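Please keep the viewer open as you read.

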Amino acid sequence: MSGCIFCRIVAGEIPARKIFEDEHVLAFHDIQPQAPVHILVIPKVHIPSMAELVAEHEAAMGRAMVVAGRLAREQGCADGFRAIVNTGRVGLQEVYHLHVHVLGGPDPLPPML
Ligand code: 5GP
Ligand code: ZN
């Protein structure tokens, strides 16, 4: 997906502050952090949103969740964090390459709606 900004980050065509990478996933800092820790974990394969997930994505998405939890601990979210997958128009998704937001920090986050 050449027009997809996150595919371009995976391909190294756009810079990002990468934290972790393996064969399935890439994790990097959000460009506009909404919390002291704001990481995005994405599958390397282009999946537009969580609504398009199928069984063949289980390995990548399982890895994404394991990596999200580990990086949260390593990046200073010892007392917890929030993992969010905005999906579609109603979910206020802006980038249509599936991503897990990991939000946290030393202090409790503001409540969600
Ligand atoms: P969404 O609303 O789709 O769940 O969130 C997309 C997120 O991607 C936003 O938090 C936004 O700041 C982040 N983002 C958009 N473009 C870029 C980019 O080029 N680099 C990085 N690191 N983050 C981006
Ligand atoms: Zn993509």
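What follows goes from the annotated domain to a histidine, the strands, the core and the ligand.

**Domain and annotated site**

Keep in mind that this is a predicted model. UniProt, in an unreviewed entry, annotates residues 5-112 as "domain: HIT". That span is 21% helix and 23% strand, and its end C-alpha atoms are 27 Å apart.

The unreviewed UniProt entry also puts the feature "active site" at His99. Where does histidine 99 lie? Look in the loop between β4 (81-84) and β5 (100-104). Is histidine 99 buried or exposed? With 26 other C-beta atoms within 10 Å, against the 20 or more that burial requires, His99 counts as buried. Setting aside neighbours within four places in sequence, the contacts of histidine 99 are Phe6, Leu40, Val41 and Ile42.

**Strands around β5**

| Strand pair | Direction | Bridges | A bridge partner pair |
|---|---|---|---|
| β3 and β5 | antiparallel | five bridges | leucine 40 and histidine 101 |
| β4 and β5 | antiparallel | four bridges | alanine 83 and valine 102 |

**The nonpolar core**

The largest nonpolar core has 21 residues, and those touching the most other members are Val25, Ala27, Val41, Ile42, Ala68 and Val102. Two or more residues come from each of α1 (5-10), β2 (25-29), β3 (37-43), α2 (58-74) and β5. Which element gives the most to this core? The answer is β3, with five residues. Nonpolar side chains tend to be buried together in soluble globular proteins.

Beyond residues up to four places away in sequence, valine 25 touches Val41, Ile42, Pro43, Lys44, Ala60, Arg63, Ala64 and Val67. Val41 and Ile42 are also among the contacts of histidine 99.

**Around the ligand**

How many residues surround ligand 1? There are 13, and the closest are Ile31, Gln32, Asn86, Glu94 and Val95. By type, this shell has seven nonpolar, four polar and two charged residues.

How values were computed. Residues numbered from 1 in each chain as written. Chains lettered and ligands numbered in written order. Predicted model: local features only at pLDDT ≥ 70, side-chain atom pairs only at ≥ 80, totals over all residues. UniProt positions renumbered as here; feature names shortened; annotations may be inferred. Buried ≥ 20, exposed ≤ 12 C-beta atoms within 10 Å, placed from the backbone. Contact = placed C-beta atoms within 7 Å. Core = buried A, V, L, I, M, F, W, Y, C linked by C-beta atoms within 7 Å. Near = placed C-beta within 6 Å. Nonpolar A, V, L, I, M, F, W, Y, C, P; charged D, E, K, R; others polar. Pairing = 2+ DSSP bridges.
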